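Work through the exercises below with the sequence and the model open. Each task is followed by a solution in steps.

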Amino acid sequence: MIQAQIEDTELVAHLDSLPKDDMAVFVMAEGRVRGALFHGTHFVNQMRAQHKTGILETMVLGQASLCGALLLPTMKGREHVTWRYEIDGPAQGFSIEADSSGYVRGYLFTDVIPVEKPLESWNLSPFLGEGTLSMATMHEGDREPYTSSVAVNHKNIALDLAYYFNQSEQIQTAFNTGIQMDKQGRVIGAGGMFLQVLPETGGQFKGVQKLGSQLNTSADKKADEDLIDRVELAFKTAPSLGQWFSEKGTIEDIVYGLFREFKPSIALHRDVRYDCPCSKESYVDYIRRLPKAELEDMKANGPDPLEVSCRNCGSVYHIPLSEIM
């Protein structure tokens with residue numbers, strides 16, 4: 001990827017004043033609940049710089065990319081996930097890829113989302129519409145991805161991704177994203193959080209004889225339902241993550257403050273970056289594999305140099321024909 005530079009000096013100064021991006025993966029409630037909290041202000045600004053998105057486009061692709069980052073803690077081993085959100089609304093949808101190595105990339109299906117009247121809020125549902133959310137997962141050694149899909153149910157990116165997990169994976173999951181903009185439309189704060197309540201075999205409650213045993217009494221089931229209700233309530237009372245991180249709020253204060261009754265523990269921190277493995281060399285190699293007739297036409301008619309754009313990250317490569325032929 002050709003890393004785009006952020007040229008707004010005031011924004012750069014603000015970003016320099018913030019803590020670096022970070023993702024904390026944590027567990028709580030004696031292992032029954034796992035989650036991740038991601039400070040992604042620099043991440044979203046890099047995404048915006050790569051694709052040169054407007055304000056509304058930044059909100060849509062930014063929320064989608066933050067959700068993509070939150071997929072990383074759900075991966076096992078070497079894994080690559082592509083999720084597509086295909087809708088009939090003005091935004092049309094997007095494609096987001098997340099790789100277990102720590103990078104996220106993606107793009108909108110339209111360069112400009114049409115707006116018929118001034119925005120009254122950041123409710124994106126009027127721009128989303130009906131459609132399908134699909135998830136394609138590739139593990140190391142797979143010949144082709146495993147793909148599953150659900151109907152878009154909420155016209156809300158985070159809620160629809162949670163709905164996918166609840167339906168396809170049968171795991172109670174919640175996602176929350178936030179992007180804070182200033183009056184000039186700069187992204188001054190961004191973040192995301194997810195929680196999963198693991199199946200009943202994942203923890204230990206009163207009345208359960210040992211870790212891993214099934215809940216087998218009405219008291220056990222009542223305790224489980226009560227846990228889910230309390231976790232959900234705490235999750236819903238989280239502050240606006242975009243505003244929180246724009247004001248230099250910390251990950252630790254949310255994890256250990258918001259969820260303190262569940263005795264959370266941060267298991268690890270990991271780097272997440274908006275990045276793409278594309279390169280000039282990879283495109284040269286691809287073009288060389290084109291049919292001979294196409295290569296001969298390029299040589300005779302140009303253009304020279306070729307201009308190749310990566311839709312996933314917005315990088316533009318200029319490749320002289322002399323480097324191909």
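**Exercise 1.** How far is the sulfur of cysteine 313 from the closest cysteine sulfur, and in which residue does that closest sulfur lie?

Solution. The model is a predicted one.
Step 1: the closest cysteine sulfur to that of cysteine 313 belongs to cysteine 278, at 3.6 Å.
Step 2: a disulfide needs the two sulfur atoms within 2.5 Å, so 3.6 Å is too far for a bond.
Step 3: cysteine 313 has a relative accessible area of 0% and is therefore buried.

**Exercise 2.** Count the disulfides, then examine cysteine 276.

Solution.
Step 1: under the 2.5 Å cut-off, the count of disulfides is zero.
Step 2: cysteine 276 takes part in no disulfide, and its nearest cysteine sulfur, in cysteine 278, is 3.7 Å away.
Step 3: buried means under 20% relative accessible area, so cysteine 276, at 4%, counts as buried.

**Exercise 3.** Describe how helices α2 and α3 pack.

Solution.
Step 1: α2 spans residues 41–51 and α3 spans residues 55–70. Their axes lie 10 Å apart, at an angle of about 125°.
Step 2: that angle makes α2 oblique to α3.
Step 3: the crossing of α2 past α3 is right-handed.
Step 4: α2 makes the contact with Phe43, Val44, Met47, Arg48 and His51, while α3 contributes Ile55, Thr58, Leu61, Gly62, Ser65, Leu66 and Ala69.
Step 5: sorted by type, the residues of this contact are seven nonpolar, four polar and one charged.

Notes:
Residues are numbered from 1 along each chain as its sequence is written. This is a predicted model: local features need pLDDT of at least 70, side-chain atom pairs count only at pLDDT 80 or more; totals for chains, interfaces and linings use all residues. Side-chain values use heavy atoms; hydrogens and water are left out. Axes are lines fitted to C-alpha atoms, for helices over the stretch in contact, and angles run from 0 to 180 degrees between N-to-C directions. Helices (H or I, at least four residues) and strands (E, at least two) are DSSP runs, numbered from the N terminus. Angles under 35 degrees count as roughly parallel, over 145 as roughly antiparallel, 65 to 115 as roughly perpendicular and the rest as oblique. A crossing is left-handed if the near helix is turned anticlockwise from the far one by less than a right angle, and right-handed if clockwise. Contact means heavy atoms within 4.5 Å. Ala, Val, Leu, Ile, Met, Phe, Trp, Tyr, Cys and Pro count as nonpolar, Asp, Glu, Lys and Arg as charged, and the others, Gly among them, as polar. Buried means under 20% relative accessible area, exposed over 50%, partly exposed in between (1.4 Å probe, protein chains only).
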